[in-house]
Amino acid sequence: MLLYSAPILTFKRVIKKASVEEFSCIPYILALFSCLTYSWYGFPVVSYGWENLTVCSISSLGVLFEGTFISIYVWFAPRGKKKQVMLMASLILAVFCMTVFFSSFSIHNHHIRKVFVGSVGLVSSISMYGSPLVAMKQVIRTKSVEFMPFYLSLFTLFTSLTWMAYGVIGRDPFIATPNCIGSIMGILQLVVYCIYSKCKEAPKVLHDIEQANVVKIPTSHVDTKGHNP
């Protein structure tokens with residue numbers, strides 16, 4: 001719940017400024033895909049009884065959170081980003097629907113059904129934990145942590161460690177494996193955050209803008225003594 005609710009601070013800023021600025025929606029779209037898949041994975045149709053009730057419950061809550069965040073993003077995003085987000089969201093919804101249909105009507109062996117849905121969930125979860133690489137790249141490029149929320153990185157690590165332990169104890173590789181990768185990604189995010197949060201250099205983008213403005217000053221406006229008139 002802490003992981004899924006962490007972006008609330010980010011979207012309060014989006015609503016306040018009525019702009020998505022440089023925030024990326026990719027992590028929220030991939031998180032929605034992961035939540036949808038694991039909600040289905042936790043159902044008795046796929047798992048044995050309600051052995052994964054906790055997974056199903058928290059993932060269903062995650063669907064509500066991520067769906068809300070994506071809706072807010074689409075509302076305030078410019079037209080270009082809006083089309084891109086809606087296309088990606090439609091794609092992951094289509095893949096999820098195909099997963100549900102195929103696992104329900106084409107696979108009649110319970111074990112094989114669980115392996116199939118678990119494999120899709122594994123891929124979706126790894127994609128979700130890998131999506132912050134986009135934000136990390138931007139942090140390194142701009143030398144600013146402004147668009148990589150600290151609490152999202154922190155709760156990613158805590159959540160991954162906890163669910164990894166849950167998967168190991170329950171001997172469920174489809175839960176333990178992606179969360180092992182999530183733990184590594186969480187550590188990387190916090191390391192990058194710690195390095196660049198202490199960086200005193202102005203963001204690269206702003207520096208480039210300042211340089212561009214300097215270049216645009218006409219030389220004819222400077223007198224022979226080097227003073228601006």
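Where is Glu21 placed? Glu21 sits in the loop between H2 and H3. The model is predicted: local features need pLDDT of at least 70, side-chain atom pairs count only at pLDDT 80 or more, and totals for chains, interfaces and linings use all residues. Residues are numbered from 1 along each chain as its sequence is written, and side-chain values use heavy atoms, with hydrogens and water left out.

**Overall make-up**

- The protein chain has 10 helices and 0 strands, where helices (H or I, at least four residues) and strands (E, at least two) are DSSP runs numbered from the N terminus.
- From the N terminus on, the order of elements is α-α-α-α-α-α-α-α-α-α.
- Of the 229 residues in the protein chain, 41% are buried; buried means under 20% relative accessible area, exposed over 50%, and partly exposed in between (1.4 Å probe, protein chains only).

**The loop between H2 and H3**

- Ala18 is placed in the loop between helix H2 (8-17) and H3.
- The phi of Ala18 is near 55°, a positive value in a residue other than glycine.
- Ala18 is partly exposed, at a relative accessible area of 46%.
- Glu21, in the loop between H2 and H3, has a phi near 50°, which is likewise positive in a residue other than glycine.
- The relative accessible area of Glu21 is 21%, and Glu21 is partly exposed.

- Two packed helices are described by the angle between their axes and the distance between the axes.
- The axes of H2 and H4 come within 10 Å and cross at roughly 25°; axes are lines fitted to C-alpha atoms, for helices over the stretch in contact, and angles run from 0 to 180 degrees between N-to-C directions.
- H2 and H4 are therefore roughly parallel to each other, since angles under 35 degrees count as roughly parallel, over 145 as roughly antiparallel, 65 to 115 as roughly perpendicular and the rest as oblique.
- The crossing of H2 and H4 is left-handed, a term used if the near helix is turned anticlockwise from the far one by less than a right angle, with right-handed used if clockwise.
- Thr68 belongs to helix H4 and is partly exposed, with a relative accessible area of 42%.
- Between Thr68 and Tyr28 there are 40 residues of sequence separation and a C-alpha to C-alpha distance of 9.8 Å.
- Ser103 lies in helix H5 (residues 79-105) and counts as buried at 0% relative accessibility.
- Ser103 and Val45 are 58 residues apart along the chain, and their C-alpha atoms are separated by 9.0 Å.

**Largest pocket**

- The largest pocket has a volume of about 340 Å³. On a 1 Å grid over the protein atoms alone, a pocket is an open set of points with protein on both sides within 12 Å along at least five of seven lines, a cavity is a set of points where a 1.4 Å probe fits but cannot get out, and lining residues have an atom within 4 Å of a point.
- Grid points are joined across faces, edges and corners, and a volume is the space filled by probe spheres set on the points.
- The largest pocket is lined by 20 residues, and Tyr4, Ile58, Tyr129, Thr159 and Trp163 lie nearest its centre.
- Helices that each supply at least two residues of this lining include H1 (2-5), H3 (26-42) and H4 (53-76), while H8 gives the most, with 5 residues.
- The lining of the largest pocket divides into 14 nonpolar, 6 polar and no charged residues; Ala, Val, Leu, Ile, Met, Phe, Trp, Tyr, Cys and Pro count as nonpolar, Asp, Glu, Lys and Arg as charged, and the others, Gly among them, as polar.

**Second largest pocket**

- The volume of the second largest pocket is about 280 Å³.
- Its lining has 17 residues, with Phe23, Ser24, Ala135, Gln138 and Phe147 closest to the centre.
- Two or more lining residues come from each of H3, helix H7 (133-142) and H8, and H7 has the largest share, 4 residues.
- By class, the lining of the second largest pocket has 10 nonpolar, 4 polar and 3 charged residues.

**Cavity**

- The count comes to 1 cavity of 30 Å³ or more.
- The largest cavity has a volume of about 170 Å³.
- Of its 14 lining residues, Leu3, Ala31, Met128, Leu152 and Thr156 are closest to the centre.
- H1, H3, H6 and H8 give two or more residues to the lining of the largest cavity, and the largest share, 3 residues, comes from H3.
- The lining of the largest cavity has 10 nonpolar, 3 polar and 1 charged residues.
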